[in-house]
Amino acid sequence: MDKVLKVRGLSKRYGKGCATCFDKTGPDFDSNICPDCGSVVAAHDVCFDLYAGEILGIMGESGSGKSTAVKCLYFDQEPTAGNATFYDQGQQFDLFSLNKAQQRRLSNQRFGMVYQNPHLGLNFDISAGGNIAERLLMSDVDNYAQIRQRATALLSRTEVLPERMDELPKNFSGGMQQRVQIAKALATQPPLLFLDEVTTGLDLSVQAAILDLILEIQQQLQTAMIVVTHDLGVIRLLADRTLVMKYGRVIEKGLTDQILEDPQHAYTQRLVASAL
Amino acid sequence: MKEKPVLQVRGYAKRFVLHEQGKVIPSSYDVNLDVYPGSLTALIGPTGAGKSTVLKGIYRTYLPSDGELLFTRENGETLDLAQADEHQVLELRRDEIGFVTQFLHFLPRQPSEDVVAQPLVQRGYRQQQARKLARDMLAAMNLPERLWGISPATFSGGEKQRVNLARGLIAKPRLLLLDEPTASLDPKTTDRVVGLIENLKHEGVAMLAIFHQPELVTRIADRVVELETPTLNETLLEEIA
Amino acid sequence: MSMQERFGFLDEYAKKEIRRSALKAVAIPGYQVPYSSREMPMGRGFGTGGLQLTLALIGRGETLKVIDQGSDDSVNAVNLRSFIEMTCPGIDTTTATEEADLIQSRHRIPEKPLREDQLLILQVPYPDALVVVEASEDKRKLLHGEGDYSRLLVKLYEDIVKFDEITISHRYPTRIDDHYVIDPSPIPRWDVPKLDNAKALVLLGAGREKKIYAVPPYTKATPLAFEDVPFRVEDFNDEQGQRRACARCGCTTSFLDEYVDSTTGETVYRCSDADWCEEQERTNTVAGRTLERAEEPSSHSDTAEAVNG
């Protein structure tokens with residue numbers, strides 16, 4: 001299997017910071033706020049590998065830092081420390097040392113991101129089809145008919161009615177907005193897809209359908225994915241491997257079935273036991 | 001020449017450390033067994049003797065506490081499953097080691113024929129061909145055809161188990177682990193399953209199984225390993241540490 | 001220095017800065033160069049950007065033409081021309097495109113192709129083509145820098161979805177030298193092709209927005225479009241599909257303005273470019289006389305009547 005992503009020592013701290021921030025925060029201290037300087041250690045020393053076709057789950061409760069790690073990888077935030085290497089088409093990219101233009105190019109063409117809040121991932125001023133067209137146009141496709149065809153195909157794949165492709169996203173239900181986001185994220189056939197709490201807040205039946213869709217697409221396209229969620233059910237369904245985070249640290253990692261059936265860390269045991 | 005076993009288990013033990021309760025629960029202790037290609041090794045013993053735990057330890061659903069699980073791959077290379085990294089295990093699960101548990105995990109909307117076809121698709125078979133083989137397998141399991149295009153979500157326990165088995169047997173892995181595969185099946189279907197297992201033996205599949213019926217053990221097991229309930233009692237966390 | 005002694009109204013520092021900005025604009029085709037736009041004795045929105053460029057660049061002995069929507073006679077054109085004449089003693093003015101060294105224009109490019117020794121200055125209200133899709137100037141600068149015009153192109157896409165064609169009529173986004181996309185000012189689509197590989201330098205000045213940009217001579221200027229939905233100019237066809245002609249000079253190859261004749265109440269089409277129209281008329285009249293003289297030998301008396309009638 002080919003490696004797609006290697007992350008080492010990823011840390012993100014908000015605030016002025018001091019020498020003891022990392023030593024006095026974390027699950028052992030039950031907090032991610034530094035007692036000496038008040039900085040928030042949102043994530044510290046996150047390490048993992050991701051291979052082609054794999055789905056990695058990052059699970060944790062609020063404040064665990066799970067979203068932070070992914071935001072740094074997707075360039076929405078700048079990390080405080082650490083490095084990440086992206087392997088693509090025989091090349092290696094040291095993500096945090098790229099300049100902004102290079103980062104934008106990579107995230108436009110080789111990554112996909114689906115946010116919990118569709119307003120972050122979609123442009124609400126243009127139609128659903130237009131949102132997908134925008135992504136394609138960023139990657140130098142300049143034939144109208146081709147764009148139209150590809151947008152239609154993607155929206156059909158994500159089960160959005162083709163008759164609705166020219167409507168504005170604000171007319172869609174939450175579930176459908178997520179589908180449009182997924183279609184948009186897949187437009188450039190990225191080898192790496194980030195999904196940040198994509199089904200949180202949706203009705204259960206809609207959740208099931210979308211998770212189903214994600215897995216089907218993943219089986220077809222062999223996209224490597226990082227799925228951030230607090231929901232054990234989502235982890236069980238989607239992730240091959242899982243990281244469990246608490247107060248910014250990875251406290252356990254392993255195969256998903258092993259984490260769920262034979263959790264080692266006290267916190268993981270508690271989490272698994274409390275799942276409804 | 002003596003054939004090399006596909007799996008050699010030496011000194012396998014599994015203990016559960018429950019932090020909340022402050023206890024260590026022993027489950028398996030000093031398990032030793034071999035599984036050879038084209039043959040079935042049965043695990044027997046009273047409830048609580050840790051039989052499922054052995055299977056789960058091999059499949060890595062449980063992290064072994066002690067011991068070696070030496071697996072010989074298709075290419076002849078041997079590795080200790082207890083030490084294998086996550087990617088290796090995922091690869092092995094996809095290509096060489098299968099596990100039929102008592103629970104059926106499936107995608108909410110997949111029809112049962114696709115659930116069964118999935119292991120083949122993962123190995124590179126075309127969807128159409130995989131589905132055809134899946135249907136053959138479901139027919140062999142006596143699952144009524146009208147159920148093939150429906151999701152197993154609404155099936156009875158026995159129906160689910162048949163889908164589960166079909167999926168487990170279809171890919172003919174190098175090593176197949178079976179945890180009470182015939183538990184919810186009627187005698188006729190059980191016979192069918194026995195037949196399928198015999199076929200798998202002929203195809204060289206190595207199997208390690210737990211059966212709830214002793215007669216089945218007599219019928220198809222080539223080797224029998226008996227486990228005892230661990231003599232170690234529950235110990236407090238501090239003592240073990 | 002009094003205004004009489006100061007050539008071109010602006011002080012030398014101002015002129016120097018404008019010239020430097022113009023040079024930078026020429027060196028980076030299509031890039032919007034910020035400059036310190038001075039307050040002029042007329043309101044913003046009346047061509048102060050174009051005016052500042054003209055004042056900084058025109059010299060004694062040169063000839064100026066000022067037009068507004070193709071007309072030398074409109075109030076704005078007249079005011080601008082008077083002001084420049086007053087503040088730049090020693091320049092000549094003309095209405096003939098051919099005679100001008102420097103042409104300042106609002107919203108039209110002359111029909112007659114310009115020469116290498118001529119300079120065209122366009123008055124611009126909004127210099128940035130991206131302003132319709134992004135409100136933040138910081139973000140627009142990034143988009144320009146990375147050549148990311150996907151949002152503009154999406155706008156074109158949405159037009160085609162709704163109307164089967166791109167409906168932008170003026171200020172058509174145009175890519176210069178395969179990089180920066182400019183707003184070419186409110187010239188009609190008809191005029192955009194004139195920017196492509198032109199012999200003359202075209203400078204664009206936005207006074208209120210404080211930007212100068214340029215389309216250098218012999219530079220590619222490609223209007224944004226799709227491979228399969230190409231750029232097209234206005235057609236001036238009537239309901240029968242016939243190309244309309246100018247009611248005054250009969251030209252069928254110029255950009256036409258639509259008027260309602262105040263006396264008859266009917267819709268009339270006339271060349272937008274006044275100088276062009278006059279030139280056509282002169283040529284037609286001359287040609288008409290030449291033609292008729294050629295026919296003279298066969299029907300002498302009739303022709304004489306026609307000419308004198």
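This is a predicted model: local features need pLDDT of at least 70, side-chain atom pairs count only at pLDDT 80 or more; totals for chains, interfaces and linings use all residues.
Colleague: How many residues does the largest nonpolar core have?
Modeller: The residues with the most contacts inside this core include Ile132(A), Leu155(A) and Leu238(A). Phe226(C) is also among them. The core has 89 residues.

Colleague: Which residues does Leu195(A) touch, leaving out those up to four places away in sequence?
Modeller: Leu195(A) is among the residues with the most contacts inside the largest nonpolar core. Contact here means heavy atoms within 4.5 Å. By that rule Leu195(A) touches Val114(A), Ile214(A), Met225(A), Ile226(A), Val227(A) and Val228(A).

Colleague: How many residues are in the other core, the one with Ala117(B) and Leu165(B)?
Modeller: That core lies apart from the largest one. Leu185(B) and Val205(B) also belong to it. Its count is 39 residues.

Colleague: What area is buried between chain B and chain A?
Modeller: The contact takes 24 residues from chain B and 27 residues from chain A. Carbon and sulfur atoms give 51% of the buried area. The area is about 2,200 Å².

Colleague: How many salt bridges are there between chain B and chain A?
Modeller: A salt bridge needs a side-chain nitrogen of Lys or Arg within 4 Å of a carboxyl oxygen of Asp or Glu. Lys56(B) and Glu261(A) meet this rule, with their closest N and O atoms 3.0 Å apart. Between chain B and chain A the count is five salt bridges.

Colleague: Which element gives the largest share of the side of chain B that touches chain A?
Modeller: Between the two chains there are eleven residue pairs in polar contact, both residues at pLDDT 80 or more. On chain B, the elements giving two or more residues to this side are β1 (7-18), α1 (51-59) and α2 (86-95). The largest share is seven residues, and it comes from α2(B).

Colleague: How many charged residues does the side of chain B that touches chain A have?
Modeller: Sorted by class, this side has eleven nonpolar and four polar residues. Its charged residues number nine.

Colleague: Is Lys112(C) buried or exposed?
Modeller: Lys112(C) forms a salt bridge with Glu98(C), the closest N and O atoms being 3.7 Å apart. Lys112(C) lies in the loop between β4 (102-106) and β5 (119-123) of chain C and Glu98(C) in the loop between β3 (92-93) and β4, so the pair ties together parts 14 residues apart in sequence. Glu98(C) is partly exposed, with a relative accessible area of 46%. Lys112(C) has a relative accessible area of 19%, and under 20% counts as buried.

Colleague: How many residues apart are Lys220(C) and Asp178(C)?
Modeller: Their salt bridge has its closest N and O atoms 3.1 Å apart. Lys220(C) is in the loop between β9 (211-215) and β10 (221-223) of chain C, and Asp178(C) is in the loop between β6 (174-176) and β7 (181-182). The pair links distant parts of the chain, 42 residues apart.

Colleague: How many salt bridges are there over all chains?
Modeller: Some of them share partners, and such bridges join Arg108(C), Glu111(C), Asp191(C) and Lys194(C) into one network. Over all chains the count comes to 48.

Key. Residues are numbered from 1 along each chain as its sequence is written. Chains are lettered from A and ligands numbered from 1 in the order in which they are written. Side-chain values use heavy atoms; hydrogens and water are left out. A nonpolar core is a set of buried Ala, Val, Leu, Ile, Met, Phe, Trp, Tyr and Cys residues joined through side-chain atoms within 4.5 Å. Buried means under 20% relative accessible area, exposed over 50%, partly exposed in between (1.4 Å probe, protein chains only). Buried area is the accessible area (1.4 Å probe) that two parts lose on being put together, summed over both. A polar contact is a pair of N or O atoms within 3.5 Å; within protein, one must be able to donate a hydrogen and the other to accept it, and residues adjacent in sequence count only if both atoms are side-chain atoms. Helices (H or I, at least four residues) and strands (E, at least two) are DSSP runs, numbered from the N terminus. Ala, Val, Leu, Ile, Met, Phe, Trp, Tyr, Cys and Pro count as nonpolar, Asp, Glu, Lys and Arg as charged, and the others, Gly among them, as polar.
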